[in-house]
Amino acid sequence: MLAILGIIAAVAVPKYIDMIEQSRISAAQTAIAEVKTQCSNYYASQMLSGNGTTSLGSVQGSVGASPYLGPDYNVSTATAASGILITVLSVKGNSLSTAQTGTWYYPGL
């Protein structure tokens, strides 16, 4: 009986740890999508306000270097050649095994 429990634990624990990591990655990708939405909303509001143009720097400035998505996320942004690079380093205080990144592409470059 004890051997059976040991075998089940040996199989279940790694699977459980993998599922937790996958949920953190999904949460990080959702955070990236939120920052992309913030960038698009700012860009659209500037274009609709009659301003006609907005710079990549002003879009990046609108979300900030460390966008606040709540205490559960460690997010940073940086201006890249064609847009804004968004990086999520941790979710709920737990570092991701691989930081998740995404890019909001500036429409016009």
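Helices here are DSSP runs of H or I with at least four residues, strands are DSSP runs of E with at least two, and both are numbered from the N terminus. The model is predicted, with a mean pLDDT of 88 for the protein chain and 97% of its residues at 70 or more. Its sheet is open and holds 3 strands in the order β1-β2-β3, and both α1 and α2 lie across these strands.

**Confidence**

- Among the elements of the protein chain, helix α2 (residues 56–63) has the lowest confidence, with a mean of 88, whereas strand β2 (residues 83–91) has the highest, at 93.

**Helix α1**

- Helix α1 covers residues 2–48, and its 47 residues should span 69 Å at 1.5 Å a residue, which agrees with the 68 Å that separates its end C-alpha atoms.
- The buried residues of α1 are E21, I25, A27, A28, A31, I32, V35, C39, Y43 and Q46, and what covers them includes α2, β1, β2 and β3.
- T30, which also has its place in helix α1, is by contrast exposed, because its relative accessible area of 51% is over the 50% cut-off.
- Between T30 and Y16 there are 14 residues of separation in sequence and 21 Å in space, taken from C-alpha to C-alpha.

**The sheet and its hairpins**

- The pairing in the sheet is antiparallel; β1 and β3 stand at its edges with a single partner strand each, so one side of each has no neighbour in the sheet.
- Neighbouring strands of this sheet are turned against each other by 20° on average, when direction is ignored.
- β1 (73–79) pairs with β2 over 7 bridges in the antiparallel sense, with S76 having T87 in β2 as its bridge partner, and a hairpin through 3 residues joins the two strands.
- β2 is joined to β3 (94–105) by 8 bridges, and these strands likewise run antiparallel; S90 has S95 in β3 as its bridge partner, while I84 stands opposite W104 in β3.
- The hairpin formed by β2 and β3 leaves 2 residues between the strands, and K92 in its turn has a positive phi of about 55°.
- Of the 9 residues of β2, 7 are buried, so this strand is largely enclosed by the rest of the structure.

**Packing of helices and strands**

- In soluble globular proteins, nonpolar side chains tend to be buried together.
- The largest nonpolar core of this model has 19 residues, and those with the most contacts inside it are C39, V59, I84, I86, V88 and W104.
- Two or more residues of this core come from each of α1, α2, β2 and β3, and α1 gives the most to it, with 8 residues.
- I84, one of the residues with the most contacts inside the core, is in contact with C39, L56, V59, Q60, T77, A78, G102, T103 and W104, once its neighbours within four places in sequence are left aside.

Methods:
Residues numbered from 1 in each chain as written. Predicted model: local features only at pLDDT ≥ 70, side-chain atom pairs only at ≥ 80, totals over all residues. Heavy atoms only, no water. pLDDT = per-residue confidence, 0-100. Expected span 1.5 Å × (residues − 1). Buried < 20%, exposed > 50% of the residue type's maximum accessible area, 1.4 Å probe, protein only. Contact = heavy atoms within 4.5 Å. Core = buried A, V, L, I, M, F, W, Y, C linked by side-chain atoms within 4.5 Å. Pairing = 2+ DSSP bridges. Axes fitted to C-alpha atoms, helices over the stretch in contact; angles between N-to-C directions.
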